[in-house]
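Please open the model in a viewer and keep the sequence panel at hand.

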Amino acid sequence: MPKKIFLIVAFFLFSGLSFAQTKYMIYFKDKGIKPSQSLSKSSSLYMKAESLLSQRSIERRRKVMAEDSLITYEDLPVSENYIHSVENLGINISNVLKWFNAVSAYLTDRQLKKVLELPFVEKVEKVKVLYMPDEPLSPEPPGGLRKTGSTGELDYGSSFTQVNLSEVPQVHRKGISGKGVIIGILDSGFDWEEHESLKDKVVIAEHDFVFNDSITANQAGDVPSQDVHGTAVFSILAGYAPGHLIGPAYSAGFILSKTEDVRSETHVEEDNYAAALEWMEGMGVDITSSSLGYNIFDDPEASYTYADMNGKTAIVTKAAELAFKRGVLTITAAGNEGNNSWHYITAPADGFNTIAVGAVSMNNNVAAFSSRGPTADGRIKPDVVAQGVLDYEAVAHSSNRYTYGDGTSFATPIASGCAALLLSAYPYLNNVEMRKILLLSSDNARTPDSSRGYGLVSALKAIEYPNIENTAAGLVLHKAFLDSNGVKPESVKMFYSFSDSNFTSLQLLGQNSTAFYAASLPFNQTGHLRFYFTYSDSSQGRSVRVPQTGSFNMDADSINVIVNPGTPPESYHLSQNYPNPFNRATKIDFAAPANADARITIYNLLGQKVFTFNVLTKNGTNTVLWNGVDEKGSECSSGIYLYSLKLNGNFYSKKMVLLK
């Protein structure tokens, strides 16, 4: 035997390594305390968890979390004793994931067996391998299709069409460009320091979760195309090179994470993605934008199926939802599977709260490749769409080159940029309010479907959508008129009513900008509020009503504004669940108007809440699917359960039977 071959064989024999290691998630049973134990603010675990969060992260959490629960069990650090015990087996840990109380590591068969013998290990699962669909750079379109443009002082060059479709220039014209907002991008890498459109960006931090360093551009070991995709995405979102490319949120701050390993055929391991989200959330990010999907592989254990696109199975989906729970607005690409055998959205686009972005052409037609909905449990996806065909973008490894690309990956940064403009205009908004406003201000909000969701996202319409600020002095209503054809609205009034008639007028006062108006609401009342606005256009000698017909609606105890331009049904109807009795899952149908806030709560016979669905309804029949588990994911026992629908201040209830 040649000496070289002998040495290789000897290495594997004596090291105990197999020729191919597999990456696993190792889940622990507890964190030194059990999930059921109370969490004291004076405990060392609590203080350690709090120290891992920036003050900005804590302030963002305060928008959506109660003061006494800003730190949850998921935020507690993983036990250092458990980590050391695993490392003492000769195992190199890849990622420590506190939200999942787990670590990831490459294991041999022998190491796997030893890990399973550890008394504090709950389970071990293979890390799923996710896939970012290849989105080849498109050639420059024919001259007749190429559109350039400028508005006011900004020259958007060839990026004009993609931002103008989502009415971004009208917002820029008012001086709103994302200042004060921090956006986190999860992608393949970023070559941003040399390109003219990106070199002056405010990058707060960057981390490579593949090589575990702070370099997100190409480095030794990367393939040449590693950072191409992320650079393109970053430029569409925030590039600034007048005459060439201007992105929606060019004044925002950014946190960059490289999670995809192009060396492994454009695969990204889901633990990298989860680790990146934990890191960004702790640093105080406001919005995250990712262009991640997944594929099916030969090994069934390393794959998800469409049935798993239910909002609670994939690690990346659960991580995105945990970030959302902590006040982060999570936005992701719907996927590029629309015209292949998969067809549907991909994780984490299946998340309950994560905004999934589909792609349309410059003419607002859904692209054939854009992944469709619904989710496996019947929810509408994608949530919104933006231009994802022939998007103008920067080319990595150059200082001034540009090209065109197709994909939901390139629609996503436009939607994320619109979200940043909304938050920049109204910094007090939380992620729940932002998500609702972005959906309800899109062009298909009255009839959302599984091709374009709530429709084309619009920065202009989102900022013009009325919102409520909850201040120490009371509720303040805000309304912007950005698109009044250059006319300053005069005598802006709000007309409101808690009934079908007898509207009361309220004068709105202009704020620092002539486009923004506000008024303290002179009531502290629960119930269903209807309202609309009027203003005078002296140049035309006319009065303008917004909306032209119908009204905005608000449940005064939730301060969430919805619009109902049509006539609501005369009655609401809650159907009996089917099948009933049921074993694995049951569907609950109910009739409602478009864009109403509905809540379905499931209770046991002791009156204890088991599970809650929060639904933004479409007109007609709406459906939720309950699979017989509680909010912690534990299976419920057999028995009789009650389900209650709250809609527009009214309650409707029925019984159902679960048989195991």
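**The whole chain**

Begin with everything displayed. In this predicted model, among contacts in the protein chain with a separation of 6 or more, 70% are between residues 24 or more positions apart. Colouring by secondary structure shows 13 helices and 38 strands in the protein chain. The protein chain has 660 residues, of which 57% are buried. Switching to a surface view brings up an accessible surface of about 27800 Å², and carbon and sulfur atoms contribute 50% of that surface.

**First stop: α9 and α10**

Next, select residues 270-283, which form helix α9, together with residues 315-325, which form helix α10. How far apart are the axes of α9 and α10, and at what angle do the helices pack? The axes are 9 Å apart, and the angle is about 5 degrees. The two helices, α9 and α10, are therefore roughly parallel to each other, the cut-off for that description being an angle under 35 degrees.

Now display the side chains at this contact. Helix α9 contributes Glu 270, Tyr 273, Ala 274 and Leu 277, while helix α10 contributes Ile 315, Val 316, Ala 319 and Ala 320. By residue class, the contact of α9 with α10 comprises seven nonpolar residues, one charged residue and no polar ones.

**Second stop: α8 and α11**

Move on to residues 228-238, helix α8, and residues 408-425, helix α11. Their axes come within 8 Å and cross at roughly 35 degrees. The crossing of α8 and α11 is right-handed.

On the α8 side, select His 229, Ala 232, Val 233, Ile 236 and Leu 237. On the α11 side, the contact is made by Ser 409, Phe 410, Pro 413, Ile 414, Ser 416 and Gly 417. The residues of the contact of α8 with α11 include seven nonpolar and four polar ones, with no charged residue.

Finally, centre the view on Leu 508, in the loop between strands β25 (504-507) and β26 (509-510). Is Leu 508 buried or exposed? Its relative accessibility is 3%, so Leu 508 counts as buried, the limit for that class being under 20%.

To see what surrounds Leu 508, set aside its neighbours within four places in sequence. The residues then in contact with Leu 508 are Leu 477, Lys 479, Val 492, Lys 493, Met 494, Tyr 517, Ala 518, Ala 519 and Phe 533.

Terms used. Residues are numbered from 1 along each chain as its sequence is written. This is a predicted model: local features need pLDDT of at least 70, side-chain atom pairs count only at pLDDT 80 or more; totals for chains, interfaces and linings use all residues. Side-chain values use heavy atoms; hydrogens and water are left out. Axes are lines fitted to C-alpha atoms, for helices over the stretch in contact, and angles run from 0 to 180 degrees between N-to-C directions. Helices (H or I, at least four residues) and strands (E, at least two) are DSSP runs, numbered from the N terminus. A crossing is left-handed if the near helix is turned anticlockwise from the far one by less than a right angle, and right-handed if clockwise. Contact means heavy atoms within 4.5 Å. Ala, Val, Leu, Ile, Met, Phe, Trp, Tyr, Cys and Pro count as nonpolar, Asp, Glu, Lys and Arg as charged, and the others, Gly among them, as polar. Buried means under 20% relative accessible area, exposed over 50%, partly exposed in between (1.4 Å probe, protein chains only). Accessible areas come from the Shrake-Rupley method with a 1.4 Å probe; for residues, only the protein chains shown count as cover. Angles under 35 degrees count as roughly parallel, over 145 as roughly antiparallel, 65 to 115 as roughly perpendicular and the rest as oblique.
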